[in-house]
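Let's walk through this model together, starting from the whole chain and ending at a few side chains. Have the viewer open as you read.

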Amino acid sequence: MRLIQVFVFACLVSAGAAWATAQAPAPASAHAQPGAAAAARDGGGVQRKVARSEAEVKRLERDVQRRESDSKRAGERLQEQDKTIAELQKQLQELQSGQSGGQH
């Protein structure tokens, strides 16, 4: 579930960056360049931002997967420790009941 949330967030960030770039006023030097060259340069900037955002999404996805894996392993360790504790408590109760039975 968290992976989906990260992916949606990254898509929104990418779309926001692309929209903000498209809405930003062109610098004065862009007016001096031919229109096709300025459009190609701006398009390349958007593509770079999208590529960076996609790379960030992939990095975040890997991070989420790693954390989920770590969490699963930790949960398994805790379950094993709980079983060990329960077994030790059972043994202790058996010892205590055996000692108190022998004392009476």
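How much accessible surface does the protein chain have, and what share of it belongs to carbon and sulfur atoms? The accessible surface comes to about 8500 Å², and 58% of it belongs to carbon and sulfur atoms; such areas come from the Shrake-Rupley method with a 1.4 Å probe, and for residues only the protein chains shown count as cover.

Before going further, a word on the ground rules. This is a predicted model, in which local features need pLDDT of at least 70 and side-chain atom pairs count only at pLDDT 80 or more, while totals for chains, interfaces and linings use all residues. Residues are numbered from 1 along each chain as its sequence is written, and side-chain values use heavy atoms, leaving out hydrogens and water.

The protein chain holds three helices and zero strands, running α-α-α from the N terminus. (Helices are DSSP runs of H or I with at least four residues, strands are runs of E with at least two, and both are numbered from the N terminus.) Of the 104 residues, 11% are buried, where buried means under 20% relative accessible area, exposed over 50%, and partly exposed in between, with a 1.4 Å probe and protein chains only.

How confident is the predictor? The mean pLDDT, a confidence for each residue from 0 to 100, is 81 for the protein chain, and 66% of its residues reach 70 or more. Where pLDDT is low, the predicted coordinates should not be read in detail.

Now look at helix α1 (residues 2-23), where you will find isoleucine 4. This residue counts as exposed because its relative accessibility is 53%.

Next, turn to the salt bridges, of which the structure holds five; each is a side-chain nitrogen of Lys or Arg within 4 Å of a carboxyl oxygen of Asp or Glu. In helix α3, arginine 59 and glutamate 56 lie three residues apart, about one turn of the helix, and their side chains meet at 2.6 Å, N to O. Both are partly exposed, arginine 59 at 39% and glutamate 56 at 35%.

Further along, arginine 66 has two partners. One is aspartate 63, with the closest N and O atoms 2.5 Å apart; the other is aspartate 70, at 3.6 Å, N to O. Asp63, Arg66, Arg67, Asp70 and Arg73 are linked in a network of salt bridges.

Terms used: pLDDT = per-residue confidence, 0-100.
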